[in-house]
Amino acid sequence: PNQYGVCQALLVHRQARHTQNKVSTLREDIYYPREKTQVGQEISMIGHPSFKKILDIAVYAPSGDNAQPWQFKIDGNSIYLFNLPERDATPFNFRQRGSYIGHGAVIENIIIAAAASGYLAKVQPFPGIPDCTARVTLETAAPRPEPLYAAITDRVTNRKPYDKKYLNAEHRSAIHDSVRGYDDVKLKIAEDRAELESLAHS
């Protein structure tokens with residue numbers, strides 16, 4: 001748990017409000033699958049060389065089956081993050097909830113990488129553009145140390161069996177603290193075996 005993890009909760013809790021609004025000034029689509037992090041000329045033309053570095057870090061975010069259901073468009077100093085539903089059409093991604101969690105992780109990575117690169121990232125969730133989950137505006141700021149920055153590229157998926165241990169009081173408190181101050185976010189920790197079985201079969 002950390003100060004940015006709430007982005008994931010926000011994206012899960014809110015539902016995208018699709019409208020017919022258009023952003024005509026957005027540049028051509030730029031895809032960032034993790035296997036192909038080379039960035040095209042569109043990025044270098046906008047006058048922010050650090051954008052490439054920030055987005056290269058952003059796409060290390062986890063996603064279901066590594067589908068990476070995201071797409072970026074850039075307008076000035078704003079990054080628009082779009083969901084690509086066709087990338088993950090599995091039952092596990094019911095109502096795109098799995099993809100929204102992945103997008104929350106992308107946003108978290110952008111915030112962390114931006115701070116380390118000398119930018120302040122201001123996030124507007126679901127700005128009213130079809131399939132757009134967030135608009136992130138970057139403003140110049142003094143670079144500041146980010147303890148999680150170096151960990152982003154070291155993150156791996158652990159598919160080994162987990163120890164069946166309950167959260168200790170410190171971890172439980174930290175998780176609850178991460179969502180304080182957000183009226184539209186509700187957090188419930190399930191640990192009872194019967195409740196876990198019920199959730200697994202719901």
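The model is a predicted one, in which local features need pLDDT of at least 70 and side-chain atom pairs count only at pLDDT 80 or more, while totals for chains, interfaces and linings use all residues. Residues are numbered from 1 along each chain as its sequence is written, and side-chain values use heavy atoms, with hydrogens and water left out.

Now for the overall layout. The chain holds seven helices and four strands, where helices (H or I, at least four residues) and strands (E, at least two) are DSSP runs numbered from the N terminus. Reading from the N terminus, the order is α-α-α-β-β-α-β-β-α-α-α. Of the 202 residues in the chain, 36% are buried; buried means under 20% relative accessible area, exposed means over 50%, and partly exposed is in between (1.4 Å probe, protein chains only). The chain exposes about 12,400 Å², and carbon and sulfur atoms supply 52% of that. These areas come from the Shrake-Rupley method with a 1.4 Å probe, and for residues only the protein chains shown count as cover. As for contacts, meaning heavy atoms within 4.5 Å, 64% of those with a separation of 6 or more join residues 24 or more positions apart.

Since 17 of its 21 residues are buried, helix 4 is largely enclosed by the rest of the structure. At residue 117, the end of helix 4 (residues 97–117), sits Ser117. The side chain of Ser117 reaches back to the backbone oxygen of Ala113 at 2.8 Å. That is a polar contact, i.e. a pair of N or O atoms within 3.5 Å; within protein, one must be able to donate a hydrogen and the other to accept it, and residues adjacent in sequence count only if both atoms are side-chain atoms. Leaving aside residues up to four places away in sequence, Ser117 touches Ser50, Lys53 and Ile54.

Take Val106: not counting residues up to four places away in sequence, Val106 touches Ala58, Ala61, Trp70, Phe72 and Leu81.

Two strand residues make a handy contrast. Asn83, in strand 2, counts as buried because its relative accessibility is 4%. Its side chain makes a polar contact of 3.0 Å with that of Gln96. Beyond four places in sequence, Asn83 touches Pro69, Gln96, Ser99, Tyr100, His103, Asp131 and Thr133. Asn83 and Thr133 are 50 residues apart along the chain, yet their C-alpha atoms are separated by 6.6 Å. Thr140, in strand 4 (residues 132–140), is exposed, as its relative accessible area is 73%. Thr140 touches Gly118 and Tyr119, again not counting residues up to four places away.

Finally, the charged pairs. There are seven salt bridges, each a side-chain nitrogen of Lys or Arg within 4 Å of a carboxyl oxygen of Asp or Glu. One of them joins Asp177 to Arg180 at 2.6 Å, N to O; Asp177 is partly exposed at 39%, whereas Arg180 is exposed at 57%. Another links Glu195 and Lys188, with the closest N and O atoms 3.4 Å apart. Glu197 pairs with Arg193 at 3.3 Å, and both lie in helix 7 (residues 193–200), four residues apart, about one turn of the helix.
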